[in-house]
Amino acid sequence: MVSFTNLLTAGLLATTTLAVPHNMHKHKVHKRSTTKRGAAYNDVSTVDTLASSGTIGWAYDWVYTIDPGLPSGVEYVPMLWGATFFSGWVSAIETILASGSDYILGFNEPDNSAQANMSPSEAAAYYLEYITPYSGSAKLISPAVTSSTTSGEGLSWFEEFMSDCSSCGISGLAVHWYGDSIDDFESFVQQAVSTAAAYSLDEVWVTEFALSADTSGVADQSTTAEFVTQALTFMDAQTNVTRYSYFYCAEDYLLTDGALNSVGEAYASTSD
């Protein structure tokens, strides 16, 4: 498996510039999802193309106020990306929860210095302050960690975080994966499921996943479409993998010239 540390060193990691908060709008949350499959997006107009397949049940955009153009029937899931977005969080999340959202996503890659960049203890303190108070109103998902195997990153970061956040009210573990093969992907997801179970968490969310060759756009559609089909078949068979989203719903990834390409068709067509 290629770790996030190696990808950053090679300058390949698209999430360094893309998986960050963008424009914010207030809007009613749509009905709750009954499907695992979601859409990670920056431009809400792209979600409609993907959601027209009927297989997309939820979406997120790394922020906490919904875009008004999100298709009907697609549940919006808010995220508190990191410390730079604490201002305005309370009023925004209370509005979203009152509109019907059932989940809150934690920080985005706090184990990555190019993303939320927090120590486990720092993240635990912030989580307790900003997210845990809503445990009675929504299910709380952990900070999304990378698939790095470096000590102090990835799942080892999460384990340190949980030692300081045992009273945070967390229901699920969120992870990201970038690597080279379906075998590595399946191995990592199984490890994430086992790690979650060790903390009595019954949900694993894979909120970003892609081949490392595709972090700046899909390099070979045939190869990636096959990988996506295999990955979805695998995750749909895992009871404790409750939600996932490919990286990501955008031009040159799932879309080409505004329409689903072969990768997008693979992502939209495999039923869960």
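Student: How many bridges join strand S4 (residues 103-104) to S5, and how do the two strands run?

Tutor: This is a predicted model, in which local features need pLDDT of at least 70, side-chain atom pairs count only at pLDDT 80 or more, and totals for chains, interfaces and linings use all residues. Residues are numbered from 1 along each chain as its sequence is written, and side-chain values use heavy atoms, with hydrogens and water left out. Strands are DSSP runs of E with at least two residues, helices are runs of H or I with at least four, and both are numbered from the N terminus. Two strands pair if DSSP finds at least two bridges between them. Here, two bridges join S4 to S5, and the strands run parallel. Within S5, Leu140 is the bridge partner of Ile104.

Student: How many bridges does S5 form with strand S6 (residues 170-179)?

Tutor: S5 pairs with S6 over four bridges, in the parallel sense. Ile141 stands opposite Gly172 in S6.

Student: Why is strand S5 (residues 139-145) described as largely enclosed?

Tutor: Buried means under 20% relative accessible area, exposed over 50%, and partly exposed in between, with a 1.4 Å probe and protein chains only. Six of the seven residues of S5 are buried, so the strand is largely enclosed by the rest of the structure.
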